[in-house]
Amino acid sequence: MKNANEARNETFNVVNADMLSSLASVEKLIDVAIQAGDYDCYAYFYLTNEVVQKLKELGYEIEDCCSQRDGDCFRITWS
């Protein structure tokens, strides 16, 4: 049986890996938008609060465009 400390560490590792994966996906979207000469892009997948916070720390503006009709959508700008 795992003790609480082991469970806490495993959870931290999973959350951190998910955040890094989301940031990598966003980075690809940003690179494509840059190549197109755009100053924004849209992520049509859910961004956790941690990912949004990290992007804001990096200077990006994040607009939550999620709706019941369209689902998850975040506008990321760097103008």
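I take helices (H or I, at least four residues) and strands (E, at least two) as DSSP runs, numbered from the N terminus. By that reading, G59 has its place in the loop between α2 and β2.

Before going on I noted that this is a predicted model, in which local features need pLDDT of at least 70 and side-chain atom pairs count only at pLDDT 80 or more, while totals for chains, interfaces and linings use all residues. Residues are numbered from 1 along each chain as its sequence is written, and side-chain values use heavy atoms, with hydrogens and water left out.

**Overall form.** I looked up the elements and found 2 helices and 3 strands in the chain, running α-β-α-β-β from the N terminus on. For the radius of gyration, which is taken over C-alpha atoms, I found 15 Å for the chain, whereas a compact globule of 79 residues would have one near 12 Å, the globule rule being 2.2 Å times the number of residues to the power 0.38. Along the principal axes, the C-alpha atoms fill a box of roughly 55 × 30 × 20 Å.

I then asked how much of the chain is buried, with buried meaning under 20% relative accessible area, exposed over 50% and partly exposed in between (1.4 Å probe, protein chains only); the share is 22% of the 79 residues. The chain exposes about 5,900 Å², of which carbon and sulfur atoms supply 50%, by the Shrake-Rupley method with a 1.4 Å probe. Counting Lys and Arg as positive and Asp and Glu as negative, without His and the chain ends, I have 7 positive and 14 negative side chains, and the centres of the two sets lie 4 Å apart. Each charge is placed at NZ of Lys, CZ of Arg, CG of Asp or CD of Glu.

**Strand pairing.** Two strands pair if DSSP finds at least two bridges between them. I see β1 (residues 40–43) paired with β3 (residues 74–77) in the antiparallel sense over 4 bridges, with C41 standing opposite I76 in β3. Strand β2 (residues 61–64) is also joined to β3 by 4 bridges and runs antiparallel to it; here E61 has T77 as its bridge partner.

**Contacts and T77.** With contact meaning heavy atoms within 4.5 Å, residues 24 or more positions apart account for 53% of the contacts in the chain with a separation of 6 or more. I followed T77, which sits in strand β3, and found that T77 counts as buried because its relative accessibility is 10%. Leaving aside neighbours within four places in sequence, T77 is in contact with Y39, D40, Y60 and E61.

The C-alpha atoms of L58 and W78, 20 residues apart along the chain, are separated by 9.8 Å. G59 counts as exposed at 52% relative accessibility, and its C-alpha lies 17 Å from that of S25, 34 residues away in sequence.
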